[in-house]
Amino acid sequence: MNGKLVNWADATIHAASHVIHYGTGVFEGARCYKTPQGSACFRLDAHMRRLYDSARIYRMDYGKSQDALTQGVIDTIKANGFEACYIRPLIYRGYNTLGVNPLPCPIDAMILVWEWDAYLGPEAVEKGVDVKISSWTRSAPNTFPAMAKSVANYANSGLIKMEAVADGYSEGIALDVSGQLSEGSGQNIFLVRDQILYTPPIAASVLPGITRDTIITLAHDMGLTVKEQALPREFCYIADEMFFAGTAVEVTPIRSVDKIKIGEGKRGPITARIQQAFFDCVNGKTPDKHGWLTYVNTPVAAR
């Protein structure tokens, strides 16, 4: 917290912190994997850049460099002795005044790490999940900045997730303000039709996901055609395959949408190929030709 290691039980903030009352915070979600060459954070530089981009959008200048906070991530992983973990850096407005204006409040930062397994359960990666189209839509352009990974945006995500769970589904997929496909509560989506990979564009109020970018890159490496375009809701129902992509969910197949079976109702062949390539990459089983792995035992300044 603000550059000091703090025991988990003591990692507290003041009840009048601006972030609690007005959602003035931005955060990231990254992962550290156990590889044959040692513990390695996946695309940590990209995650930390997006954190600082989000902070810039919300006029929050933490005052320390991206490299300094990145080194803080490495130090926190080492201090906990984790070989693999989830990483949550957060920049937020702290305690000063409780007016809506956030500018008088200090800008603080914290980094949390914990061991976190498969987000939607261990069987989901192989067997897939059942999802629904949510009644909640993503925010319209010029309301909330969808490109920022903001604490406030995730109130919408919570509504999508709770509705899905209450209705017996694992997840929900939101539409954008024009009724086109957007994303899940905390994941980007991909669809396969006739060997072509589709995903909604950034303009559809989707977060520019690091895993999303990874999947597009890996698909191109495989020679697959990738199209980022507006997609109607019913495209889900006629897709040959679908899957979620995100740091928490990694690559998880979708086997049904609104109780309509996707393809054969199980993980499809292209999803399986992409999934294998992704896990081989993050686990250090294939050469890191894109420079995506940051090894914990290598200081940030030496990279």
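Tutor: A salt bridge here is a side-chain nitrogen of Lys or Arg within 4 Å of a carboxyl oxygen of Asp or Glu. The model is predicted, so local features need pLDDT of at least 70 and side-chain atom pairs count only at pLDDT 80 or more, while totals for chains, interfaces and linings use all residues. Residues are numbered from 1 along each chain as its sequence is written, and side-chain values use heavy atoms, with hydrogens and water left out.

By this rule there are 14 salt bridges. One of them joins Arg 212 and Glu 228, at 2.6 Å from N to O. This pair links distant parts of the chain, with Arg 212 in helix α6 (residues 210–221) and Glu 228 in strand β11 (residues 225–228), 16 residues apart. Helices (H or I, at least four residues) and strands (E, at least two) are DSSP runs, numbered from the N terminus. Arg 212 is buried, at 6% relative accessible area, whereas Glu 228 is partly exposed at 44%; buried means under 20%, exposed over 50%, and partly exposed in between (1.4 Å probe, protein chains only).

Arg 138 pairs with Glu 183, their closest N and O atoms lying 3.1 Å apart. Because Arg 138 sits in the loop between β6 (129–133) and α5 (154–166) and Glu 183 in strand β8 (residues 181–184), this bridge ties together parts 45 residues apart in sequence. Arg 138 counts as buried at 8% relative accessibility, and Glu 183 counts as buried at 7%.

Lys 132, Glu 163 and Asp 167 are linked in a network of salt bridges.
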